[in-house]
Amino acid sequence: MEITFSPTNDARLIARLNRSIHEHHVHMNPSFFAEYEEEKMYEAFSTLIGRPGHHYMVMQLEATPIGYIWFEEKVGEANAFRQAVRVVYVHHISIDPMYQRNGYGRRVMEWMEQWALDHQFKSIELDYWMS
């Protein structure tokens, strides 16, 4: 089966694909995360999509969207305290629960690594929360 990655500006699609990971976040930390509401997510992603340096890629299996990755290019100038910064920061990875435990999350990160290398980034950062 063919896996493809396509850029998107479709806030509605990202809001829908975000549901499972957001509900997982709520489950893990209900005092911090708000309950999932698709319209609110759509509104939030509508304002986020299109920001310079932010990318939303939809993972498709035989043309069916099964997940997405949202990442940001973080570039900072050198200063007296540190060297120049050039990293990719992964904000979200979400795979539809029907497709989880099949290696698709690993495929997303392999794709991300290749994208970073192709664009001269040597570092990928993300947050990982343990349950």
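His 25 counts as buried, because its relative accessible area is 16% and the cut-off for a buried residue is under 20%. This comes from a predicted model, in which His 25 belongs to helix 1, the stretch of residues 11-28.

**His 25 and the largest pocket**
- When residues up to four places away in sequence are not counted, His 25 touches Phe 33 and Trp 129.
- The largest pocket has a volume of about 1,200 Å³, and among its 36 lining residues the closest to the centre are Ile 21, His 24, His 25, Ile 93 and Tyr 128.
- Two or more lining residues come from each of helix 1, helix 2 (38-48), strand 4 (85-95) and helix 3 (104-118).
- The lining of this pocket is made up of 20 nonpolar, 13 polar and three charged residues.

- In soluble globular proteins, nonpolar side chains tend to be buried together.
- The largest nonpolar core here has 19 residues, of which Met 59, Ile 69, Phe 71, Tyr 104, Trp 111 and Met 112 touch the most other members.
- At least two residues of this core are supplied by each of strand 1 (3-7), strand 2 (54-61), strand 3 (64-76), strand 4 and helix 3, and helix 3 gives the most, with six residues.
- Met 59, leaving aside neighbours within four places in sequence, has contacts that include Ile 3, Phe 5, Ile 66, Ile 95, Tyr 104 and Val 108.
- A second, separate core has 14 residues, including Ile 14, Ala 15, Phe 45 and Tyr 56.

Conventions
Residues numbered from 1 in each chain as written. Predicted model: local features only at pLDDT ≥ 70, side-chain atom pairs only at ≥ 80, totals over all residues. Heavy atoms only, no water. Helix = DSSP H or I, 4+ residues; strand = E, 2+ residues; numbered from the N terminus. Buried < 20%, exposed > 50% of the residue type's maximum accessible area, 1.4 Å probe, protein only. Contact = heavy atoms within 4.5 Å. 1 Å grid on protein atoms, 1.4 Å probe; cavity = no way out; pocket = protein on both sides within 12 Å on 5 of 7 lines; lining within 4 Å. Points joined across faces, edges and corners; volume = space filled by probe spheres on them. Nonpolar A, V, L, I, M, F, W, Y, C, P; charged D, E, K, R; others polar. Core = buried A, V, L, I, M, F, W, Y, C linked by side-chain atoms within 4.5 Å.
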